[in-house]
Amino acid sequence: GEKAMTQDDIIRMAREVWGVDDWRPTQVQRLERFAALVAAHERDECAKLAESTVCDTHLPTGVKIHGSQAAKAIRARGQA
C-alpha cells in the first residue's frame with residue numbers, strides 16, 4: 001500500500017537539513033505547509049507529464065492513447 005508522509009517524517013527531514021532538534025508547534029505547522037506545497041507542485045508536474053505521454057496506440061484505429069487515467073490518479077492523491 002501507499003504510505004503518506006507523516007509529521008514525524010517531515011520533522012526528521014527538516015532535522016537532517018537544519019540540525020534543529022526542538023521544533024516549536026508553529027514551526028512544525030510551517031514545515032507541514034511547505035511540504036504540502038512541494039508535494040502539490042510535484043504531483044501537478046507528474047500529472048502533466050503523464051497526460052502528454054503516449055501510453056499505447058489503439059491498434060484497429062491507430063489512435064494514440066495518452067496517460068489521462070494515470071494523470072487522474074496522480075491528482076487524486078492530493079485529495080486524499
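This is a short tour of a predicted model, taken one selection at a time.

**Stop 1: colour by confidence.** Start with the whole chain. The average pLDDT is 86, and 96% of the residues score at least 70. Now select strand S1, residues 54–57. Among the elements of the chain, S1 has the lowest mean pLDDT, at 81. Helix H2 has the highest, at 91.

**Stop 2: the largest nonpolar core.** Select Ile 10, Ile 11, Ala 14, Trp 23, Val 28, Leu 31 and Ala 35. These seven residues form the largest nonpolar core. Which helices supply at least two residues each to this core? They are H1, residues 7–18, and H2, residues 25–52. In soluble globular proteins, nonpolar side chains tend to be buried together.

Stay here and centre on Leu 31. Set aside its neighbours within four places in sequence. Leu 31 then contacts Ile 10, Ala 14, Trp 18 and Trp 23. Ile 10, Ala 14 and Trp 23 belong to the core as well.

**Stop 3: H1 against H2.** Show both helices and look at how they cross. Their axes are 10 Å apart, at an angle of about 100°. H1 and H2 are therefore roughly perpendicular to each other. On the H1 side, select Gln 7, Ile 10, Ile 11, Ala 14 and Trp 18. On the H2 side, select Val 28, Leu 31, Glu 32 and Ala 35. By class, this contact has seven nonpolar residues, one polar and one charged.

**Stop 4: H2 against H3.** H2 brings Arg 43, Asp 44, Cys 46, Ala 47, Lys 48, Ala 50 and Glu 51 to the contact. H3 brings Ala 70, Ala 71, Ile 74, Arg 75 and Arg 77. Colour these residues by class: six are nonpolar, six are charged and none is polar.

**Stop 5: Leu 37.** Go back to H2 and pick Leu 37, which lies in this helix. Is Leu 37 buried, partly exposed or exposed? Its relative accessibility is 45%, so Leu 37 counts as partly exposed. The cut-off for exposed is over 50%. Finish with a distance from Leu 37 to Gly 67. The two residues are 30 apart in sequence. Their C-alpha atoms are 24 Å apart in space.

Note on methods. Residues are numbered from 1 along each chain as its sequence is written. This is a predicted model: local features need pLDDT of at least 70, side-chain atom pairs count only at pLDDT 80 or more; totals for chains, interfaces and linings use all residues. Side-chain values use heavy atoms; hydrogens and water are left out. A nonpolar core is a set of buried Ala, Val, Leu, Ile, Met, Phe, Trp, Tyr and Cys residues joined through side-chain atoms within 4.5 Å. Buried means under 20% relative accessible area, exposed over 50%, partly exposed in between (1.4 Å probe, protein chains only). Helices (H or I, at least four residues) and strands (E, at least two) are DSSP runs, numbered from the N terminus. Contact means heavy atoms within 4.5 Å. Ala, Val, Leu, Ile, Met, Phe, Trp, Tyr, Cys and Pro count as nonpolar, Asp, Glu, Lys and Arg as charged, and the others, Gly among them, as polar. pLDDT is the predictor's confidence in each residue, from 0 to 100. Axes are lines fitted to C-alpha atoms, for helices over the stretch in contact, and angles run from 0 to 180 degrees between N-to-C directions. Angles under 35 degrees count as roughly parallel, over 145 as roughly antiparallel, 65 to 115 as roughly perpendicular and the rest as oblique.
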